[in-house]
Amino acid sequence: MLRAAELVAGVMEGGNLTDAFERMAADHAAWPDATRGAVRDLAWSTLRDYGTGDAVLQQFLHSPPAVLIHGLLLVALTRLEQRPEQAHTVVDQTVQAAAVAMPGLKGMVNGVLRNALRQRQLWTSWVEADEEARHTHPRWWITRVRADHPEHWRSILEAGRQRPPMALRVNRRRAEVDAVVAELEAAGIALRAVSGQTVLLAQPLPVARLPGFAEGRVSVQDAGAQRAALLLAPQAGERVLDACAAPGGKTAHLLELADIELSALELDPLRAQRIRANLDRLGLEARIQVADCARLETWWDGRPFDRILADVPCSASGVVRRHPDIKWLRRDEDIAGFAAQQARIVDALWHTLAPGGTMLYVTCSVFGQENAAQLAAFLRHHADAESDPIDGFPDCQLLPDADHDGFYFARLRKKA
Ligand SMILES: C[S@@+](CC[C@H](N)C(=O)[O-])C[C@H]1O[C@@H](n2cnc3c(N)ncnc32)[C@H](O)[C@@H]1O
């Protein structure tokens, strides 16, 4: 519990959860998978439901406690929700953890949790009374989703607090889908659905347990993310650019689909290393460059691309259940910053696209400012651009649900 509380406290202090978890896992390399998974799960669940937990906690806190103790209390409330039948054990474990972390606050932790338990039947009414707690997203986020998706805002917010699905992509260069399905079933791994090269697992599990993963027959990639390479549809012999490539999920998918000459760009040198590792595992090859894709003079040799994937940096509001720290770390005003960065990237990349070529703009966001508004502005500013419809529509907003994350796709063609 204390380890999970440390992760939660790190986020409350403004830190990134994924990085903190990776540091913790590296510091405790001897932890068995199950321990690592349990710590991760508890911290992730606590942050997914942070708004709810904090609304309950605020009834019992008279002043803000030390951040680690605040995190510990939130983790304890999550545990109490998950395991009501073990309430007393959970309280005892939390008090023991407080005794290790901050012995002087052990009594306070004990008092808060026992009081909260005594008033268990009131939790729902406290949560219902507060919009942030009810939807467990910040108020500005709720306002945006409601304005952008008047019909679906509730289901989007609800999806944001669920455990994410786990999907696989079968590497068609190395395996047949039927054979992979048989291997998974033989390993006792239950499947929920199979469609094209995509296999949806009934339960998430560590990649080390996936038959065929190390041998590059399968990759883990959300089913929504798998649409990107299919929509760009590279053809044999083409020059293709993956402009924002790390960790390389879509780079690999593009290379699995056709024999292309692919350049992968990535701004962050550490993340760029993950592209190479992914491609090596899958037996694929690309030219990888560390560069700001919008600064053409630093990386472009002047030869135009037939297709460009612009999987731009964004708010990640469509994948928030995988990164539950995001919703508490981002601010409303950050979204305009993302939109400006996205416009700068696609404006620059457009110069590198051949006449008649195709660019796919992708975000994992559900905010209109990064999506449809971005497309409209782009078409206004580029007379040589036209929309290449997706399923008969100018764009495609995939909303997060039980099967896939939230994504936005817009396909643009450069007039010849
Ligand atoms: C949404 S992620 C890409 C995910 C990737 N396409 C995949 O499917 O695995 C966006 C990536 O763009 C990188 N990035 C951000 N700004 C960039 C820029 N100006 N030039 C190149 N890469 C950039 C980020 O570091 C991040 O790795």
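Q: What separates the centres of domain 1 and domain 2 in this model, and over which atoms is the value taken?
A: The centres are 34 Å apart, taken over C-alpha atoms. The model is a predicted one. Domain 1 covers residues 2-135 and domain 2 covers 167-220, while domain 3 runs over 227-414.

Q: How do you know what confidence the predictor places in the protein chain?
A: The mean pLDDT is 95, and 100% of the residues reach 70 or more. For the complex, the predictor gives an ipTM of 0.99 and a pTM of 0.93.

Q: What makes up the secondary structure of the protein chain, and what share of its residues is buried?
A: There are 18 helices and twelve strands. Buried residues are 43% of the 416. Of the contacts with a separation of 6 or more, 71% join residues 24 or more positions apart.

Q: Why is Thr136 called buried?
A: The cut-off for buried is 20 or more other C-beta atoms within 10 Å. Thr136 has 24 such neighbours, and therefore counts as buried. Thr136 sits in the loop between helix 9 (131-135) and helix 10 (139-148).

Q: Why is Ala233 called partly exposed?
A: A residue is exposed at 12 or fewer neighbours and buried at 20 or more, with partly exposed in between. Ala233 has 14 C-beta neighbours inside 10 Å, so it falls in the partly exposed class. Ala233 also has a positive phi, about 50°, although it is not a glycine. Its place is the loop between helix 13 (226-232) and strand 5.

Q: What makes the peptide bond between Ala246 and Pro247 cis or trans?
A: Omega is about 5° for this bond, and it is cis. Most peptide bonds are trans. Pro247 lies in the loop that links strand 5 (239-242) to helix 14.

Q: Which residues are closest to the ligand, and how many surround it?
A: The ligand is surrounded by 19 residues, and Cys244, Gly249, Lys250, Leu267 and Asp311 are the closest. Helix 14 (249-257) and strand 6 (261-266) each give at least two residues to the shell. By class, the shell holds eleven nonpolar, two polar and six charged residues.

Q: What makes helix 4 mostly covered?
A: Seven of the eight residues in helix 4 (residues 50-57) are buried. These are Tyr50, Gly51, Thr52, Gly53, Asp54, Ala55 and Val56. They pack against several helices, including helix 3 (33-48), helix 5 (67-82), helix 7 (106-118) and helix 16 (326-329).

Q: Why is Ala179 called exposed?
A: The limit for exposed is 12 or fewer neighbours. Ala179 has 12 C-beta neighbours inside 10 Å, and therefore counts as exposed. Ala179 is part of helix 12 (residues 177-186). Ala179 and Ala377 are 198 residues apart along the chain, and 46 Å separates their C-alpha atoms.

Q: Why is Gly196 called exposed?
A: The count for Gly196 is 12 other C-beta atoms within 10 Å, so Gly196 is exposed. The class includes residues with 12 or fewer. Gly196 is in the loop between strand 2 (191-195) and strand 3 (198-201). The C-alpha atoms of Gly196 and Arg169 are separated by 9.1 Å, for a distance of 27 residues along the chain.

Note on methods. Residues are numbered from 1 along each chain as its sequence is written. This is a predicted model: local features need pLDDT of at least 70, side-chain atom pairs count only at pLDDT 80 or more; totals for chains, interfaces and linings use all residues. Domain bounds come from an automatic or database domain assignment. pLDDT is the predictor's confidence in each residue, from 0 to 100. A residue is near a molecule or strand if its C-beta atom, placed from the backbone, lies within 6 Å of it. Helices (H or I, at least four residues) and strands (E, at least two) are DSSP runs, numbered from the N terminus. Ala, Val, Leu, Ile, Met, Phe, Trp, Tyr, Cys and Pro count as nonpolar, Asp, Glu, Lys and Arg as charged, and the others, Gly among them, as polar. Two residues are in contact if their C-beta atoms, placed from the backbone, lie within 7 Å.
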